[in-house]
Amino acid sequence: MSKALIKLQGVKKVFRTDEVETYALNNIDLTINEGEYVSISGPSGCGKSTLLSLLGLLDVMSEGQYTLAGHEVTGISKADRARIRNQKIGFVFQAFNLISDLSVEENVELPLTYRDDLNKEQRQQMVAEALAKVDMTPRAKHYPSQLSGGQQQRVAVARAIAGKPAIVLADEPTGNLDSKNADAVMDLLDKLHADGATICMVTHDPRSASKAQRIIELFDGKVVGDKPTSNTVTMPQRAQS
């Protein structure tokens with residue numbers, strides 16, 4: 001039986017001004033199991049990116065409880081959030097977020113340099129493995145400006161998976177790509193999932209959402225749907241590294 005990797009209970013995110021309270025998320029209950037591929041869908045402004053920011057410990061909830069990989073992470077310090085993000089969570093952003101004056105391999109290695117448990121040789125090996133998975137090894141010495149948009153997103157995926165995170169969070173990963181490159185990135189996520197990765201993706205594109213095993217629908221900050229797709233299968237547990 002699959003083990004819960006992420007568990008949210010009664011989560012709320014409220015933005016307050018002097019006169020107005022706006023609920024970006026309102027009483028969210030959500031469980032994502034190890035090895036699942038989940039899509040979060042809904043119209044603009046429904047809370048998708050806010051939810052992903054909370055899952056990725058980039059922001060803090062106003063109320064509720066968050067358990068990640070069996071550990072309670074509600075209310076932990078900013079430093080602890082940063083440490084857990086670095087070790088447990090991989091991010092893929094719509095805008096790629098590559099550093100222009102670093103090479104491909106340097107971009108992929110950068111998050112690993114903040115980990116005290118890795119030496120240079122280990123980091124280089126992890127970078128090599130990640131670039132091989134996304135078929136970007138021949139471009140390791142290139143710079144972002146020398147790559148197409150699809151290639152840049154492949155590098156961003158390599159950066160996300162290099163540290164062997166517990167979960168990959170993808171925020172509109174095809175939003176800046178044409179249909180051909182978008183399909184290639186979605187195929188890459190399919191391959192990573194087949195290899196055992198846990199993926200949670202925010203998208204407004206129904207075609208991309210249909211690639212997942214589950215589609216969670218948000219509306220006005222609430223979960224209004226949580227349904228399996230035809231891709232739902234029992235995935236093998238990934239071996240612990």
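Asp220 sits in the loop between strand 9 (214-219) and strand 10 (222-228), where helices (H or I, at least four residues) and strands (E, at least two) are DSSP runs numbered from the N terminus. This is a predicted model, so local features need pLDDT of at least 70 and side-chain atom pairs count only at pLDDT 80 or more, while totals for chains, interfaces and linings use all residues. Residues are numbered from 1 along each chain as its sequence is written, and side-chain values use heavy atoms, with hydrogens and water left out.

- Most residues other than glycine have a negative phi, and most peptide bonds are trans.
- At 55% relative accessibility, Asp220 counts as exposed (buried means under 20% relative accessible area, exposed over 50%, partly exposed in between, with a 1.4 Å probe and protein chains only).
- Phe96 is not a glycine either, yet its phi is positive at about 70°.
- You'll find Phe96 in the loop between strand 6 (89-93) and helix 3 (104-109), and with a relative accessible area of 10% it is buried.
- Leu57, which follows helix 1, also has a positive phi, near 60°.

**The overall picture**

- The protein has seven helices and ten strands.
- Its radius of gyration is 18 Å, close to the 18 Å that the globule rule gives for 241 residues, so the protein is as compact as a globular protein of that length.
- That radius is taken over C-alpha atoms, and the globule rule is 2.2 Å times the number of residues to the power 0.38.
- Along the principal axes, the C-alpha trace spans about 50 × 45 × 40 Å.
- Of the 241 residues, 46% are buried.
- Among contacts with a separation of 6 or more, 67% come from residues 24 or more positions apart (contact means heavy atoms within 4.5 Å).

**Surface and charge**

**The aromatic pair**

- The structure holds one aromatic pair.
- Phe91 and Phe93 make it, and they are stacked, at 5.6 Å centre to centre with 5° between the planes.
- Rings of Phe, Tyr and Trp (its six-membered ring) pair if their centres lie within 6.5 Å; planes under 30 degrees apart count as stacked, over 60 as edge-to-face and the rest as tilted.
- Phe91 is buried at 16% relative accessibility, whereas Phe93 is partly exposed at 26%.

**Helix 1 and Leu55**

- Helix 1 (residues 48-55) is mostly covered, with six of its eight residues buried.
- The buried set is Lys48, Thr50, Leu51, Leu52, Leu54 and Leu55.
- Leu55 has a relative accessibility of 1%, so it counts as buried.
- Leaving aside neighbours within four places in sequence, Leu55 is in contact with Ile6, Leu8, Ile40, Tyr66, Ile89, Leu169 and Cys200.
- Leu55 and Cys200 are 145 residues apart along the chain, and their C-alpha atoms are separated by 9.4 Å.

**Residues in other helices**

- Ala209 belongs to helix 7 (residues 206-209) and is buried at 3% relative accessibility.
- Setting aside neighbours within four places in sequence, Ala209 is in contact with Ser39, Ser41, Met201, Thr203 and Ile215.
- Ala209 and Val20 are 189 residues apart in sequence and 33 Å apart in space, C-alpha to C-alpha.
- Gln151, in helix 5 (residues 149-161), touches Met136, Arg139 and Gln146 when residues up to four places away in sequence are not counted.
- Gln151 and Asn27 are 124 residues apart in sequence, with 38 Å between them in space, C-alpha to C-alpha.
- Gln125 lies in helix 4 (residues 120-133) and is partly exposed, with a relative accessible area of 45%.
- Gln125 and Glu109 are 16 residues apart in sequence and 9.8 Å apart in space, C-alpha to C-alpha.
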